[in-house]
Amino acid sequence: MKQVVKKQQQFFYSGKTLDISFRKKQLQKLRNILTENEDEIYTALAEDFQKPLFESFATELLVLYQEIDHLLANIDHWAKTKKVKSSFLNFPSKSYIKPQPYGVVLVIAPWNYPVQLALNPAVGAIASGNTVILKPSENAPHTSELLAKLINNNFDSGFFHAVEGDAKTTQSLLSEPLDYIFFTGSTHVGKIIMKLAADQLTPLTLELGGKSPAIVDTSADLSLAAKRIAWGKFINAGQTCVSPDYVYVHASMHMQLCRLIQKEIRGFYGDDPSQSDDFARIINDKHFSRLTNLINPNKVFYGGNTDAESRYIEPTIMTQVSWDDPVMQEEIFGPILPILPFDYLDEIISTLQNKSKPLALYLFSTDKNNQKKVMRNLQFGGGCINDTVAHLGNTELPFGGIGNSGFGGYHGKTSFDTFTHSKSIMKKSNWLDIPLRYPPYKGNLKWLKKLTKFL
Ligand code: NAD
């Protein structure tokens, strides 16, 4: 670990990454590596959790291609030194802000979108001129191995290097002098990372999880809401940080929505989703048994079938659920969807104001007043009105949490800003040196007060 970090520090101070054309070349190179190895990537994702081909392209590679292209098109502009107005008190001088990379960035990745969530922060860090050490997730071992191979065989390890391993590996990396830490994972581990970062006052971004609600009011287009909720919930078999964790629907439409979501599940995956090529598996036995324990058979409206050997959990709808049920006590992170009724929107707004702030929130409503009310009164990382998950497809939108779902953000310009320190410089002229600020101050205060009228 020591050697990797040392090598990256030396590379950083060689100044190579300060050259924008170097950054662009590396980003383009990574893009080409991904394109040339798409089949190997699909195979690794399928081996890890039977990730469907379409989802592998759309939610891992396409997102990365879009991000890289957006960065390539904009780095020149974002990396420019920006002049700002100089202050009267500093006359005569010029002031400017110089975007500067932090140095050595450690990216710690989760397993659920093991390519995209590892490389998306990495490309932002590269675009901003940092060197990158990537720690992929050990829970997606085939993808981790492939990422390490693709990165370490193609890039100078002083610039971009992958280190495979588990919590111990991460912790020993964290004991090294890093310049920035970008962590994506659970809230529980996020707290451990932040404590370790605090030892060296290393700045960090925490992209965490939580229970993201979908709310459906009486004005919603119910069929479309059902389709978009089912899609956002069951893509990646529910193992998505921004998937709708549960649904709150107006009591008058509760059963109707349950039936419509059931219809969508059948439409997407057929009567037996275990036979569908389009439905992923649970990542490992630990998560499989955690999830099966959350399914209370007495509360299953639809689904509920499981197969331990293939780690299959059928898309499952649960009703008659309250906040006391185990399924409502933790982030589900699997294909189980509790659907809860509500009577008054204000009532659930106040319920949610007293819960942890989620990473995402989705409102299905055509009522402008309700849209305004929910967007104004609830705190969450980001979300959609009348859709789920899709806000991640816009590189113009920053992505990140708030409170327990994390802090800081990335994607597009926000990535560039996250991995950049804005260095403020004032360049003073020597031709004039107003004596007002220097002691002895006798008589100066009067003049300073007069001058402040012109500020
Ligand atoms: P995790 O927190 O278990 O692991 C994430 C990373 O941290 C892995 O690389 C792992 O090796 C490392 N790690 C684990 N324990 C550690 C420890 N004690 N010390 C140091 N490092 C440690 O998360 P996960 O299970 O891989 O991912 C699922 C979680 O991540 C969910 O809560 C989900 O909501 C969240 N998530 C958030 C986002 C987001 O963008 N906000 C995206 C995906 C997943």
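By class, how many nonpolar, polar and charged residues does the lining of the second largest pocket have? The count is 16 nonpolar, six polar and two charged. Here Ala, Val, Leu, Ile, Met, Phe, Trp, Tyr, Cys and Pro count as nonpolar, Asp, Glu, Lys and Arg as charged, and the others, Gly among them, as polar.

This is a predicted model, where local features need pLDDT of at least 70, side-chain atom pairs count only at pLDDT 80 or more, and totals for chains, interfaces and linings use all residues. Residues are numbered from 1 along each chain as its sequence is written, and side-chain values use heavy atoms, without hydrogens and water.

The second largest pocket has a volume of about 510 Å³. A pocket is an open set of points on a 1 Å grid over the protein atoms alone, where a 1.4 Å probe fits, with protein on both sides within 12 Å along at least five of seven lines. Lining residues have an atom within 4 Å of a point. There are 24 of them, and Ala 58, Thr 59, Trp 231, Ile 235 and Val 389 lie nearest the centre. The largest share, seven residues, comes from α4. Domain 1 (1-209 + 405-422) and domain 2 (213-392) both contribute to the lining, so the pocket lies between them.

Now the sheet. Three strands form an open, antiparallel sheet in the order β1-β2-β18. Strands are DSSP runs (E, at least two residues), and two pair if DSSP finds at least two bridges between them. β1 (82-84) and β18 (420-428) are the edge strands. Three bridges join β1 to β2 (residues 93-101). Among the partners, Lys 83 bridges to Tyr 96 in β2.

Technical notes: Grid points are joined across faces, edges and corners, and a volume is the space filled by probe spheres set on the points. Helices (H or I, at least four residues) and strands (E, at least two) are DSSP runs, numbered from the N terminus. Domain bounds come from an automatic or database domain assignment.
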